[in-house]
Every structure is written in C-alpha cells, then in structure tokens.
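I opened the model to look up a few local features, and I note below what I found for each of them.

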Amino acid sequence: LKCHFITFSAFYIVKSIYLFASAHQVRAGYPPFAKEDGMFTQPSLTGLVLFCVYRAIPFLFEAKTILDWTCTGSPLFFGDWLKLQDIHCNLYMVECDLVYRKSLKRKKGDMYRTDVKVVVGFFAMLGLVLVVWLPFVIYLTGVPLFVNPVQSASLAVRIEGAHNSWKLCEHSDVVSMSEVSSEMLERLRETPYNLAPNMQHETVQMVEISGDSTYLWTITPPSLQKLIQTVRTYENAKLVFALRFEMESGSIARVRYDAPLDREQVMRTLNASRAAKSKLKDIPPIIVKDAYPLYTHILAAGVARGVGPKVTLKLSLVSAEGLEWWQMRSLSVPWEEVVDDSAEDLEVIEEIPEIPEEDEIIAPIDPITQELHDELHGRKGAKENPGEFPEIDRDPEGVFQNEGVSFFTLSDQMLLGKLIDSSVYEYGMFALYFTVVFAIGRFLRVYIVGMSHRIIYEDWGDVEFVKELLNDIYAARWDREYELEEEMYGELIQLYRSPEKLLDVTRPPRPLIGIMNWPSTARTKAKID
C-alpha cells in the first residue's frame with residue numbers, strides 16, 4: 001500500500017508541473033511562428049560577431065543554404081532562395097547594429113570614447129601590419145626549420161641520339177644512406193671534394209647505390225644495330241644519368257646529367273657484346289669522364305641540381321650464363337692540378353681501334369683501361385711516370401671504395417615541415433605573398449569600397465515590418481501554403497525594388513536619439529488607428 005502511495009504522489013507532482021506550465025503558456029500566448037533559425041533569434045553585438053565569423057568561413061553558408069533548399073519543400077527557385085537567405089542575413093545584421101547603437105545611450109554630438117578608439121585602432125593597425133609583413137617574417141626568420149632527408153634514390157642510364165633514346169640500366173638498390181658526420185664534413189670541404197662551406201651536416205647524406213643494374217639489358221638485334229649506327233655516325237650522342245629522389249616530406253625530385261660520350265669505347269663494348277656472346281669471356285668497360293656531380297642539391301620545392309666536382313666512373317657490360325646486365329662503379333673526382341692529364345688520357349682512349357665483327361672473339365682484359373684506372377687512383381701510372389702524373393690519392397677519404405655508385409645529397413631544410421605545401425617553395429616568395437596578402441587585402445577592399453552602395457539596405461531606423469514579412473513567408477512554407485509563400489516573396493522583392501517604399505516602412509515608430517545614421521528631425525512612421 002505504501003508503494004502505491006509513493007507512485008501516485010510522484011505522478012501527481014509531475015502532472016501538477018505539466019498543468020502549471022500549460023496554464024502559463026495559455027496565459028502568455030503562443031508565438032505566432034516558432035519555425036525560425038536559431039542564429040537569428042537574439043540580436044546582440046556578440047551574436048553579430050559570431051554571425052560574421054560564420055559567414056566568413058569558406059563555403060559553410062553556401063553549403064547550408066544548398067542543403068536547406070534541397071531538403072525543404074518550397075516553390076522558390078534556387079536563385080530566389082539565395083536572395084531570401086541573403087535578405088534575412090542582412091536584416092539580422094542591421095537589427096544587431098541597431099541594438100548595439102541603442103545600448104550606447106549616447107547624446108547628439110558626444111565624442112567617441114578615446115580608450116575604445118585607441119584599442120580598436122591599435123588592433124586594426126596590428127592586423128594590417130601582420131597581413132603585410134607576416135609572410136616575410138615566416139619566410140625569413142623566427143620559424144623553425146625541419147630537415148627533409150632523402151628516403152630513397154634510383155639511377156637510370158641511357159644513351160640519347162638525335163631522335164632516339166636507349167636505356168642501358170637502372171639502379172634502384174640502395175646499399176646505404178647515412179648522414180655525414182661533422183668530422184667527415186670538414187674533410188669534404190677540402191680538395192678534391194670541395195663541399196660548399198654553408199651546408200650543415202644534418203642536410204648532407206652519403207648515398208651508395210649497388211653497382212649492378214636492377215634489370216637485365218635486353219635489346220633486340222635490329223635495335224642494337226641502330227644503336228651502334230647512331231653512336232658511330234652521330235657526333236652529339238650523349239650519355240644521360242637520371243637521378244630520382246623521394247624525400248621524407250613526400251615530394252619527388254628529379255635531375256639529369258649529360259655526360260660526354262666516348263664513342264670509341266662505346267663502339268668497342270657494343271661490338272664485343274654483339275659478336276659471339278656465348279664465347280665471350282670479358283667485355284671491355286667504358287670509362288666515363290664527368291659522369292655526374294659529386295653533390296646533388298635538392299631544394300625544398302623538389303627541384304634538384306648538381307654542384308661540386310664531376311665524378312669519373314666505369315661502366316661495364318657483364319655477361320654470364322647467357323644473360324647481360326650493366327655494372328657501374330664510381331672511381332674518383334679530378335684534382336685541379338691534373339685536368340690536363342685527364343684530357344691526355346681521353347685522347348689515348350680515342351685511339352683504340354674498333355673491335356672487328358668476327359664469329360669468335362675472346363676479349364682480353366683491357367690493359368689501357370686498367371692503366372687508366374691505376375692512374376686515376378695514383379698507383380701504377382703515377383709511380384712509373386712521376387714526371388707526367390703526380391703521385392696524388394684521388395680518393396683520400398675512401399668515398400669510392402665500395403663496388404657501386406657513390407654521391408652526396410644536400411637537402412634544403414623545410415619551413416614549418418609538412419604544414420606548407422611544396423608549391424609554396426616551387427613558386428617562391430611571390431606566391432606566398434600574393435596568395436595571402438592579395439586575397440585578404442582584396443576581401444577588405446571589397447567590404448570597404450562597397451559600403452556606400454549598401455546604405456539603402458543597412459541604415460534603417462526599424463526592421464519590424466520587413467522582419468514580419470519574412471516570418472510570414474516562413475510560416476506559409478511551414479503550413480505548406482506554397483501559393484501564399486510565393487505571393488509574399490513577390491511582395492518582398494517589390495519592396496526592395498522601391499527605395500521610397502523601403503524608406504517609408506523602415507522609419508522608426510518614434511524619434512531616435514543618439515543614432516548617427518538617423519537624424520532626430522526625420523519623419524517617423526504614421527500611427528495606425
């Protein structure tokens with residue numbers, strides 16, 4: 001029995017609260033229309049600021065308007081719907097401005113408060129200064145820089161003729177990729193490596209790529225014959241080294257280096273490859289002078305360029321078990337004192353005759369190539385002919401001691417890491433300045449310049465008439481009176497097309513005191529009996 005008493009008591013209390021709220025609602029009256037956007041209910045200065053922020057967010061207002069028109073039943077076209085929404089937004093901003101001006105309770109002729117002018121003027125000037133100078137400050141100083149190291153590298157070699165190109169090999173097997181220590185960095189600044197003194201050791205990496213090609217060298221006999229013919233007849237044939245780098249930021253840098261092609265050596269190698277492959281024990285290599293720069297400078301925009309001394313390498317065609325592939329090995333970088341000697345070496349190589357095309361050829365180990373290799377490293381040739389070739393170690397730090405291709409990458413540090421897209425670096429400071437400063441400046445200029453054209457729609461003394469007309473349109477839509485909605489929308493458009501009528505319906509019901517844009521001597525609305 002006691003349990004039933006508690007249940008009935010709780011039910012009685014809840015019902016009493018409901019009856020009290022209902023009686024209070026009946027006494028106060030129901031609102032004529034409750035279907036209104038929550039953003040337009042309470043006009044105030046805070047609401048005006050929040051609404052301006054909402055309108056400033058790109059595409060947010062447009063997306064909301066499109067969804068409302070799509071999901072709401074209405075006879076209005078999309079363009080008419082946009083006009084109605086724009087009228088409602090402007091009306092809300094005018095109402096907020098009126099509420100704020102009335103809250104000041106100023107008298108005619110009162111000076112604006114000095115402290116408010118100072119604060120507003122200071123922040124306005126600070127904003128303009130930041131808009132103009134902040135891109136330069138970000139780009140030049142005061143912002144941390146992030147290292148953008150190389151993650152992977154690949155090297156492709158091809159021979160280019162007048163109109164054709166033949167790919168020899170591609171090396172994508174990275175043996176090692178490590179940052180250069182401070183001690184080695186100091187030694188790289190000396191001869192013969194000649195590293196620029198402004199590079200930091202965090203941005204210098206040593207890359208070693210496997211000397212054996214990742215893919216076999218497969219070429220059809222007609223194409224091989226055409227390649228040999230091109231090398232024999234085309235004097236401007238060149239050897240192209242194409243490097244591809246993938247950076248930590250996700251950007252990809254590419255660079256190509258054109259090396260002079262020793263046609264005699266290439267002809268000898270290609271002829272040896274073509275003639276009696278099954279009986280060939282060894283194929284003479286190709287010594288390539290100035291193949292590629294020792295250092296590749298990779299900019300933040302993903303653009304690479306070669307700097308520093310050129311590397312001499314050996315390009316060999318290896319044949320084993322009926323398969324052929326190219327093999328490369330970096331040999332050395334030249335000293336400035338022995339540039340003439342290297343030119344003499346090239347002249348000696350050019351005098352090597354072409355290997356005849358016979359059925360059975362066994363290519364011996366090339367003594368001239370071996371002698372050139374020894375001379376490049378300061379061994380045999382330097383000791384036998386000390387007067388012609390000084391006894392100098394071409395690789396004192398052992399950069400080229402491994403059986404492969406070795407070089408260094410100099411990566412630029414990135415501004416703000418991955419927060420800034422690589423297109424900013426690609427187009428430079430002008431892109432950053434014009435995209436930020438010009439866009440913001442254009443936005444402010446459009447807002448300020450067009451203020452005089454908006455006087456007729458913003459400097460009102462009262463908004464109640466237009467607001468009630470808008471609410472009537474929304475109420476007709478809510479009640480599915482679509483014909484009435486379209487009729488009242490037409491009345492609203494005709495009202496905005498008539499400046500005199502708009503001026504008449506926006507007069508205040510009583511004289512406004514202290515409102516600058518509405519003089520106290522202006523005529524008020526006529527009283528309706």
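Predicted model: local features only at pLDDT ≥ 70, side-chain atom pairs only at ≥ 80, totals over all residues.

I began with strand 2 (residues 150–160), which pairs with strand 3 in the antiparallel sense over six bridges; strands here are DSSP runs of E with at least two residues, numbered from the N terminus, and two of them pair if DSSP finds at least two bridges between them. Within this pairing I found Ala156 opposite Glu170 in strand 3.

Residues are numbered from 1 along each chain as its sequence is written, and side-chain values use heavy atoms, with hydrogens and water left out.

Next I looked up Thr203, which lies in the loop between helix 6 (182–188) and strand 5 (204–210), helices being DSSP runs of H or I with at least four residues. Is Thr203 buried or exposed? It counts as buried, at 5% relative accessibility, where buried means under 20% relative accessible area and exposed over 50%, with a 1.4 Å probe and protein chains only. Leaving out residues up to four places away in sequence, I found that Thr203 touches Thr409, Leu410, Ser411 and Gln413 (contact means heavy atoms within 4.5 Å).

Last, I checked helix 7 (residues 221–233), whose buried residues are Leu224, Leu227, Ile228, Thr230 and Val231.
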